[in-house]
Amino acid sequence: MKEEVQFGEMQNRINILENRDAVDMSHRRSLDRWLRSRNIMMAVMGIFSFLGFMLVGTKEDTSASDKFITGIGVLCMLIAIAMLFVVPIISASLFPGYRSPNMPQVPKENSKIRMWVKLAFIAF
């Protein structure tokens with residue numbers, strides 16, 4: 001009887017650990033997806049910034065084609081500035097949240113706000 005009780009307790013512990021492992025794996029997958037999307041958004045913002053500065057500073061001639069290229073550069077810079085404000089907000093809203101090891105289904109308080117502050121600092 002004692003062995004059956006001990007076996008039952010061990011089985012319960014195994015089930016709890018398997019459940020915790022499944023939650024941790026799903027959280028890891030969602031965090032990996034979030035990191036990938038955040039990196040893509042930041043890279044696009046960087047590309048627009050680079051193109052804007054590169055196209056604006058190409059030449060100082062006043063020909064029509066140079067004005068057009070400068071206009072494209074200014075447009076790229078405006079898109080990059082808009083993304084500077086939008087990307088951290090979108091990334092923070094999609095952030096899956098920090099999880100504590102004891103209660104993996106509960107995110108820490110204000111984790112999305114803290115992530116927004118970090119991303120805004122990085123973007124600026």
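This is a predicted model: local features need pLDDT of at least 70, side-chain atom pairs count only at pLDDT 80 or more; totals for chains, interfaces and linings use all residues.

Trainee: Which residues of α3 are buried?

Mentor: Ser 111, Met 115, Leu 119, Ala 120 and Ala 123 are buried. Looking down the axis of α3, you find these buried residues within an arc of 165°, so they line one face of the helix.

Trainee: How do you know that the span of α3 agrees with what a helix of 13 residues should give?

Mentor: At 1.5 Å a residue, residues 111–123 should span 18 Å, and the end C-alpha atoms are 18 Å apart, which agrees.

Trainee: Why is Leu 75 called partly exposed?

Mentor: Exposed needs over 50% relative accessible area and buried needs under 20%. Leu 75 has 47% relative accessibility, so the residue counts as partly exposed. Leu 75 sits in helix α2, residues 64–94.

Trainee: What makes up the largest nonpolar core?

Mentor: Twelve residues form that core, among them Trp 34, Met 41, Met 83, Val 87, Phe 95 and Met 115. Helices α1 (2–56), α2 and α3 each supply at least two core residues, and α1 gives the most, with five.

Trainee: Which residues does Met 41 touch, leaving out those up to four places away in sequence?

Mentor: Met 41 touches Met 83, Val 87, Ile 90 and Ser 91.

Terms used
Residues are numbered from 1 along each chain as its sequence is written. Side-chain values use heavy atoms; hydrogens and water are left out. Helices (H or I, at least four residues) and strands (E, at least two) are DSSP runs, numbered from the N terminus. The expected span of a helix is 1.5 Å times one less than its number of residues. Buried means under 20% relative accessible area, exposed over 50%, partly exposed in between (1.4 Å probe, protein chains only). The arc is that of the directions from the helix axis to the C-beta atoms. A nonpolar core is a set of buried Ala, Val, Leu, Ile, Met, Phe, Trp, Tyr and Cys residues joined through side-chain atoms within 4.5 Å. Contact means heavy atoms within 4.5 Å.
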